[in-house]
Amino acid sequence: MSSKYQPVIGLEVHAVLETRSKMFCSCPVVDSTIGEPNIAVCPVCSGMPGMLPVINEAAVEYAVRVALALNCKINLTSIFARKSYFYPDLPKGFQISQYEQPLAQNGWLDIETADGEQRVAIRRVHIEEDTGKLTHVEKGGQRYSLVDLNRSGVPLLEIVTEPELHSVEAVRNCAYALRSILRYVGVNSGNLEKGLMRIEPNISIRPIGSSEFGTRAEIKNLNSFRSLERATTYELARQEQLVESGGRVVQQTMGWDDARGTTLAQRSKEVAEDYRYFPEPDLPPLVLEKAWVEKIRKSLPELPHARRERFVATFGLKPYDADVIVAEREVADFYETAVAAAKVADAKLIANWLTGALFGLMNEAGTEIGELRFGAKQLTALCDQIAGGKVNPAGAREVLGVLFAEGGSPASIIKARGLQQISNTGQLRSWVSEVIAANPQQVAGYLAGNAPLLNFLFGQVMQKAGGKANPAAVRSELQAQLDASAK
Amino acid sequence: MSAVRSGALHELSAKQALAGMRAGKFSSVELTRTYLERIEQHNTRLNAYLYVAPEAALQAAAAADKLYAKARRKADTKLPALLGLPIAVKDVLAVAGMPTTCGSLILEDFVPSYTATSVQRLLDAGVVILGKTNTDEFAMGSSTENSAYGVTHNPWDETRVPGGSSGGSAAAVAARLAPVALGTDTGGSVRQPAAFCGLTGLKTTYGRVSRYGLVAFGSSLDTVGVLARDADDAGLILKVMGGYDPHDATTVERAPKLDKPSGKSLKGLKIGVPKEYFIDGLSAEVEGGVREAIAQLEALGAKAVPVSLPHTEYALPVYYIIAPAEASANLARFDGVRYGLREEQADLIDMFKRSRGAGFGPEVKRRIMVGSYALSSGYYDAYYGQAQKVRTLIRRDFDTVFKKVDIVAAPATPSTAFRIGAHGSDPLEMYLEDVFTLPANLAGVPGLSLCAGFDSQGLPIGLQMLGPHFADERLLAVAKAYQRVTDWQTRQPAL
């Protein structure tokens, strides 16, 4: 982005509320990306004549959890509304959503940006039902569409932010923060590929310094954070180019073509988008008891942002490291368990081993924290061995590799593999003496002022020790003997 | 009991028929066969039934008879309340395995896999379903002329309409092609045909009977009701089918129990007579019949006082915004995608248009258009929003009046049954037929229409009684007291 324009971006996020049953019927919520089509369908969610919706209380509770986590004002009375349009994936010809009186509004969310922390306003949070899914196929020269209603009626939460994001980075961090909250409060696993969380940025640009809004384009079909970033970047550039060449941005819905890396104007579902909203007469207003809402508020876990602040303040972590750890509740829980069990290791050392070596192994293998073959306390045990000088970093990395592949206890792995660090002064002293005796030229060079030769000598000692010597002890012994020979 | 003789079983009311079966005087199979034979004999002319289920009915009747026989052997056998009683069901209520056309071509071949809660409760109580009765398409109409499957004829005068939209059910009960029938009432569709056919028609309080399985027309107005020969029969059905249903969020979990007259006397009962219901356009003969009936109620000890329901005149315009608005969304599901009529087209939008164009009749299309218009952006506040506000005023009218009186008595219709085709050219004329019945639906209150005599042409006159929410039993009790001292309800049309 050049410096002439400011991006103005808001997010509309649809998150599946992963309840057991659908929003308005008792059909199970199934993974609609795998398995047979139309296995979780009943007369209600397939829009048969005479069928009526009944509210799933669990979905309301899930929605309230998210709304509270986003610091929203909960409307104790909210109203379901019918949003009408014709499409084969919408069995009733209308979607039950919320319009004039949503479940919650006026919340906020703190995110990180290049310019520091930003508080992003949440305009509204409302409950609605998902549509079915169409698959377009061609067979024998005939093109037709297949309708799968497994997803029809699955509870969705719509979260709308104010258009207050001004960079691709802010968009990404806001999306991550939202996902993190959804996962923390246990309503959504945050999987974009499976469509459990769908992020639609609405993007416009305006000359820097202007306070007016430009015309926005909304982008759909983003099924990864990478697509979100790429599409946002692309769309900002497209709009800028358009405006710079004297064109005008038109308000439209764009689809992201991931393979081509471009946004494309989508055909609208209906010629004119008038959804003819009106209150759903089959459902009385949704009335929540204040005490019930308060009970949910009290049951909320510590949220990622607060946890991050605490980790920085209590454990002395760098904000970036704290962010990485708190992003997933399970990881943060793992970390806290590990820290609490520590005898010698400090919280920072544990954080380093968690976000460094362990995350590296996990990323490589695609393993989630919950799938590890060892527990948090094993990481602590390893860090205690490191801090206590029982194993050196190279050895510790090897131990971690074994833990990751097979599980077990660090102490026994160290023992079995003979990885105990050697800090025994007598042994170290004789290795150092031997190296100095065997390398007179290098010693002379070092003493003449060629400082890097020290590392060569150090390496020789470590080699002799089979990598198991305590590096710090080796360095100080080497230094001491060289100093002595200089005299 | 002379009626017990074979061939006269159809003259028994539902209550009498149940007593006869319990006493072993005749079987459900005999009773059911009697009705099936009468249907066979008269339905071609009357077109009251769209679908008759003789085999299923006789099977159910035989099963009922088995249970009766068991009860005679074993004294402690529990007998369901309506065991072996034949009934007819309006074709907007789903019955699993039977066609449910709603009087529309768009659902010509539709057979639901589920049964409406109201019907299921009756089935659980042992009823035998004879078949499905004719209706104005999607219950939109006041004459049954809007059915895609032909008009139903009024048994009292076959050149006349039976009223609507539950005209098939009304004609069936009046012609003794069923002892009792289910109807639905969104703007008068039970009370008006009851009035035209000389029956007792109960429109239940909104929320009293589940709408699950009732194909929706105007969801905030739709109610399931009964067309019966007298108040006793209507009460039998209500008792079984009413009550909370977890499948319908608008049913009420604990309906309040209201006072009702007991026994023969109506002493202490206060009846409000609203001046807004005695207006120009009300036929003199209907007014005379209704006033006479009110006098009869007074003779039983009730006190009639003039009252006012000042917003009555707005009921019609309000109704014809709210009902079509809700209908426009309710009928959107008939799109040719999953069931019902589909006109194959290469283009999706064309398929929607052609299927709906071919499947819906003119009145349904008119209401979908009116409703879509009323809800469209820019018009919502002026139409739908405004109508909702006035609806509140109409509801308040009733709240206020029912603080002073126990029930309201008024004519059910402006005239007696009109001739087939009389309102053919002007839909507004037809809409005016419902002018006295619409307010109760907008307010959600119960209403009852009963036969209060006949006009000079021998056509039934309907007295309408309205009560506060959940006063359904009160209305039935007043009707029963009236029917104890009159015999209009026992008269039968000569077929």
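1. Domain spacing in chain A. The C-alpha centres of domain 2 and domain 3 of chain A lie 33 Å apart. The domain assignment gives domain 1 (5-295), domain 2 (302-412) and domain 3 (425-486) in chain A. Such bounds come from an automatic or database domain assignment.

2. Basis. This is a predicted model, in which local features need pLDDT of at least 70, side-chain atom pairs count only at pLDDT 80 or more, and totals for chains, interfaces and linings use all residues. Residues are numbered from 1 along each chain as its sequence is written, while chains are lettered from A and ligands numbered from 1 in the order in which they are written.

3. Domain 2 against domain 3. In chain A, 4 residues of domain 2 are in contact with 4 residues of domain 3. Contact requires that the C-beta atoms of two residues, placed from the backbone, lie within 7 Å. On the domain 2 side there are 1 nonpolar, 3 polar and no charged residues. Ala, Val, Leu, Ile, Met, Phe, Trp, Tyr, Cys and Pro count as nonpolar, Asp, Glu, Lys and Arg as charged, and the others, Gly among them, as polar.

4. Chain A against chain B. Here 25 residues of chain A are in contact with 34 residues of chain B. The chain A side divides into 15 nonpolar, 5 polar and 5 charged residues.

5. The chain B sheet. It is an open sheet of 11 strands, in the order E1-E3-E2-E4-E6-E5-E10-E11-E9-E7-E8, with mixed pairing. Helices (H or I, at least four residues) and strands (E, at least two) are DSSP runs, numbered from the N terminus. Strands pair if DSSP finds at least two bridges between them. Strand E1 (49-52) and strand E8 (303-307) of chain B each have a single partner strand, so one side of each has no neighbour in the sheet. Neighbouring strands are turned by 30 degrees against each other on average, direction ignored.

6. Inside that sheet. Strands E2 (residues 86-90) and E3 (residues 128-133) of chain B pair in the parallel sense over 5 bridges. B:Ile87 stands opposite B:Ile129 in E3(B). Helix H2 (residues 28-46) of chain B lies across E1, E2 and E3 of chain B, at about 20 degrees to E3(B). Axes are lines fitted to C-alpha atoms, for helices over the stretch in contact, and angles run from 0 to 180 degrees between N-to-C directions.

7. H2(B) with H3(B). H2(B) packs on helix H3 (residues 54-73) of chain B at an angle of about 160 degrees, with the axes 8 Å apart. The two are therefore roughly antiparallel, a label for angles over 145 degrees. H2(B) passes H3(B) in a right-handed crossing. A crossing is right-handed if the near helix is turned clockwise from the far one by less than a right angle, and left-handed if anticlockwise. The contact residues include B:Leu36 in H2(B) and B:Leu58 in H3(B). By class, this contact has 8 nonpolar, 2 polar and 2 charged residues.

8. Strand E4 (residues 80-84) of chain A pairs with E15(A) over 2 bridges. A:Arg82 stands opposite A:Phe278 in E15(A).

9. H6(A) with H8(A). Helix H6 (residues 319-326) and helix H8 (residues 347-365) of chain A pack at about 65 degrees, with their axes 11 Å apart. Their crossing is left-handed. A:Asp321, A:Val324 and A:Ile325 of H6(A) meet A:Ala351, A:Leu354 and A:Thr355 of H8(A).

Key:
Parallel < 35°, antiparallel > 145°, perpendicular 65-115°, else oblique.
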